[in-house]
Amino acid sequence: MNHIVFDLDGTLVDSLPGIALALNRALESLGKPAHTTRHIRTLVGRGARRLCADALPADEQNLPASIDALLQAFMREYPHTWQQGTVPYEGIPAMLERLAAEGNRLAVLSNKPHIVTAPLVKHLFPAIPFAPVMGYTPEYPRKPDPSSLLHIAATWKTTPSEITMVGDSLHDAHTAQNAGTALTLVSWGYALTDDLLTTGAPLCTTIAELERSLRAGTGIWG
């Protein structure tokens with residue numbers, strides 16, 4: 001039995017369209033300029049608050065009142081737009097079903113707010129027994145802080161060294177390193193490939209390659 005913790009955005013699902021739609025609606029509601037989806041792609045992965053801060057005009061990115069206003073508007077929009085623009089990557093549901101059927105333990109750990117993460121995972125992967133599913137709450141700091149990943153290890157009553165973290169970003173890589181888990185990365189997410197290659201971790205370019213890597217336990221250890 002393997003213990004596998006998956007990042008969500010850019011790893012299991014393409015959530016960029018829904019995020020971009022919500023963010024641009026929020027910006028426009030405050031009279032701020034919208035962004036292209038291509039630019040928003042470079043901003044995701046570090047949590048909603050950081051996303052909103054980075055999306056503001058340069059002279060407002062460090063103003064708490066401006067960030068708070070945009071975050072409030074984004075969180076008003078996103079619970080609706082994710083349903084319009086979030087889909088599993090092709091082949092991911094079938095891979096997860098096979099891993100679950102083999103008795104592997106599966107979990108989701110995301111920097112996305114938990115209020116969205118939990119219903120999104122339930123909606124898109126109703127047959128997958130993820131336990132736990134963790135999005136961001138004030139109880140644990142966001143990745144790359146290892147607290148939430150270590151909490152999953154404690155919940156499973158296993159050691160971090162028996163867990164593989166699967167993600168698409170340096171935030172996921174640093175989370176695994178900080179927690180002392182194994183790491184496998186995927187190339188189809190939102191980070192630059194050159195950045196991911198600096199980690200030395202396996203970089204899977206297809207779902208089949210990822211599945212083989214997880215079965216073989218060929219991730220690197222932090």
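Of its 29 lining residues, R41, L43, V44, G45 and Y190 are the closest to the centre; a lining residue has an atom within 4 Å of a point. The lining comprises twelve nonpolar, seven polar and ten charged residues. At least two lining residues each come from α2 (37-41), α3 (48-55), α4 (64-81), β4 (105-113) and α8 (170-179), with β4 supplying the largest share, four residues. Helices (H or I, at least four residues) and strands (E, at least two) are DSSP runs.

The model is predicted, with local features requiring pLDDT of at least 70 and side-chain atom pairs pLDDT 80 or more, whereas totals for chains, interfaces and linings use all residues. Residues are numbered from 1 along each chain, and side-chain values use heavy atoms, without hydrogens and water.

Twelve salt bridges were counted (a side-chain nitrogen of Lys or Arg within 4 Å of a carboxyl oxygen of Asp or Glu). D172 pairs with K143 at 2.8 Å, N to O. Because D172 lies in helix α8 and K143 in the loop between β5 (133-136) and α7 (147-156), this pair ties together parts 29 residues apart in sequence. D172 is buried at 1% relative accessible area, as is K143 at 5% (buried, under 20%; exposed, over 50%; partly exposed, in between; 1.4 Å probe, protein chains only). Salt bridges with shared partners join R98, E102, E211 and R215 into one network.

Technical notes
1 Å grid on protein atoms, 1.4 Å probe; cavity = no way out; pocket = protein on both sides within 12 Å on 5 of 7 lines; lining within 4 Å. Nonpolar A, V, L, I, M, F, W, Y, C, P; charged D, E, K, R; others polar.
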